[in-house]
Amino acid sequence: EEGAVVFNFPDPDPVPPPIMQFENVSFAYTKGHPIIRNADFSVDSDSRIALVGANGCGKTTLLKLLVGELEPSSGLVKRSGKVRVGLFTQHFVDQLDLKVSAVEYFQREFPGTSAQDARTQLGRFGITGDTPLQTLNTLSGGQKSRVVFALIAARKPHVLLLDEPSNHLDIETIEGLAQSLTTYQGGVLMVSHDQRLISLVCDEVWVIENQTVTRWKGDVLSYRKHLESNMTFTIAK
């Protein structure tokens, strides 16, 4: 079994708020079927936000709008030109060339980096020993996640946008990620089904429901209780 890992996200240089902002943003993939309507929402360098809602409600779409992968159908998405964004997506494996080693991939992403410096950075995220020299297709899902986190951290982001970051991570590594995020001095916006991770890291809960984005007046536990109290059960006959 692998030991516990404490991730090392460097503290970014200060940037005045807001660093990312929605102003009356609406978005639809097809006309007449909006996913998000009239959203007013901001992320600052001290934000600790959990974005929650039913599957398919638009959480990943909102992240794509924030980073500019999608353009709003109406309204404005403002991003400070000085802000570096670290984006971790559910499909992180698609970002990796599995035929090369973690060191080679790191050097490709950061030209001029020595193999030793690449290994040092990867080591901060638990990729140690001979593992950085193995081809990425031989690594576990959790190890691939750590490689992506190491790449993100090397860019010294002002804000982390995390879409299901605990997928493929064991309990000890999730604890290490939570510990790192609580001391990280940049902003965090997280989409996660891991209630404990949210509870440890986030102090705001924003809900996407019925195409609207609203701040929940409470923590993630009270939101869960709200969902449970509104559940209806049917028995098939």
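Helices (H or I, at least four residues) and strands (E, at least two) are taken as DSSP runs, numbered from the N terminus. The model is predicted: local features need pLDDT of at least 70, side-chain atom pairs count only at pLDDT 80 or more, and totals for chains, interfaces and linings use all residues. Residue numbers start from 1 along each chain as its sequence is written, and side-chain values use heavy atoms, without hydrogens and water.

The largest pocket holds about 380 Å³ of space. A pocket is an open set of points on a 1 Å grid over the protein atoms alone, where a 1.4 Å probe fits, with protein on both sides within 12 Å along at least five of seven lines; lining residues have an atom within 4 Å of a point. The volume is the space filled by probe spheres set on the points, which are joined across faces, edges and corners. The lining comprises 20 residues, and Val52, Gly53, His193, Tyr223 and Leu227 are the closest to the pocket centre. H7 contributes the most, with five residues. At least two residues each come from strand S3 (48–52), helix H6 (195–201), strand S8 (204–209) and helix H7 (220–229).

Six strands form an open sheet in the order S5-S6-S7-S3-S8-S9, with mixed pairing. Strands pair if DSSP finds at least two bridges between them. Strand S5 (85–88) and strand S9 (212–215) are the edges, each pairing on one side only. Within the sheet, strand S6 (residues 159–163) runs parallel to strand S7 (residues 187–191) over five bridges. Val159 has Gly187 as its bridge partner in S7.
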